[in-house]
Amino acid sequence: MILWYNMLIVSIHNNIRVKLDYRDRNFGGQKMWTAVYMVEGAEAAKELGEKLKTEGFLVKVKPFSKEGDSILYKILVPEFEADDAQTVLLDLGY
């Protein structure tokens with residue numbers, strides 16, 4: 001498995017908001033997923049994932065890093081939906 005990361009900080013407000021281009025390519029015809037948001041805490045991550053699913057997006061929520069009791073989660077959508085998902089996130093106030 002080959003992983004590529006290309007991070008661009010979009011803004012910082014309460015939670016860390018970044019545009020993280022995450023590509024998981026195993027060259028087996030798998031979809032490429034892009035992280036469109038980072039959020040702290042499992043409940044917040046699950047809530048945000050559900051909101052995006054309600055808007056019609058395919059969503060994966062995965063842990064990204066852990067420091068002490070705090071866990072940072074990445075919200076992933078298929079690469080082709082990333083721009084639309086970020087627009088919806090902005091409309092939702094994230």
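**Reasoning about a helix and an aromatic pair**

Tutor: In this predicted model, helix α1 covers residues 42–54, which makes 13 residues. From its first C-alpha to its last, α1 reaches 18 Å, close to the 18 Å expected at 1.5 Å a residue.

Student: Which residues of α1 are buried?

Tutor: A45, L48, G49 and L52 are buried in α1. Seen down the helix axis, these buried residues fall within an arc of 100°, so they line one face of α1.

Student: What do the buried residues of α1 pack against?

Tutor: They pack against β3 (33–40), β4 (60–67), β5 (70–78) and α2 (82–91). The face of α1 turned away from the buried side carries the exposed residues E43, K46 and T54.

Student: Why is Y37 counted as buried?

Tutor: Buried means under 20% relative accessible area. Y37 has a relative accessibility of 4%, and therefore counts as buried. Y94, at 17%, is buried as well.

Student: What makes Y37 and Y94 an aromatic pair that is edge-to-face?

Tutor: Ring centres must lie within 6.5 Å for a pair, and planes over 60 degrees apart count as edge-to-face. For Y37 and Y94 the values are 5.6 Å centre to centre and 75° between the planes, so the pair is edge-to-face.

Student: Which parts does this pair tie together?

Tutor: Y37 lies in strand β3 and Y94 in the segment after α2, so the pair ties together parts that are 57 residues apart in sequence.

Notes
Residues numbered from 1 in each chain as written. Predicted model: local features only at pLDDT ≥ 70, side-chain atom pairs only at ≥ 80, totals over all residues. Heavy atoms only, no water. Helix = DSSP H or I, 4+ residues; strand = E, 2+ residues; numbered from the N terminus. Expected span 1.5 Å × (residues − 1). Buried < 20%, exposed > 50% of the residue type's maximum accessible area, 1.4 Å probe, protein only. Arc of directions from axis to C-beta. Contact = heavy atoms within 4.5 Å. Phe/Tyr/Trp six-rings, centres within 6.5 Å; stacked < 30°, edge-to-face > 60°.
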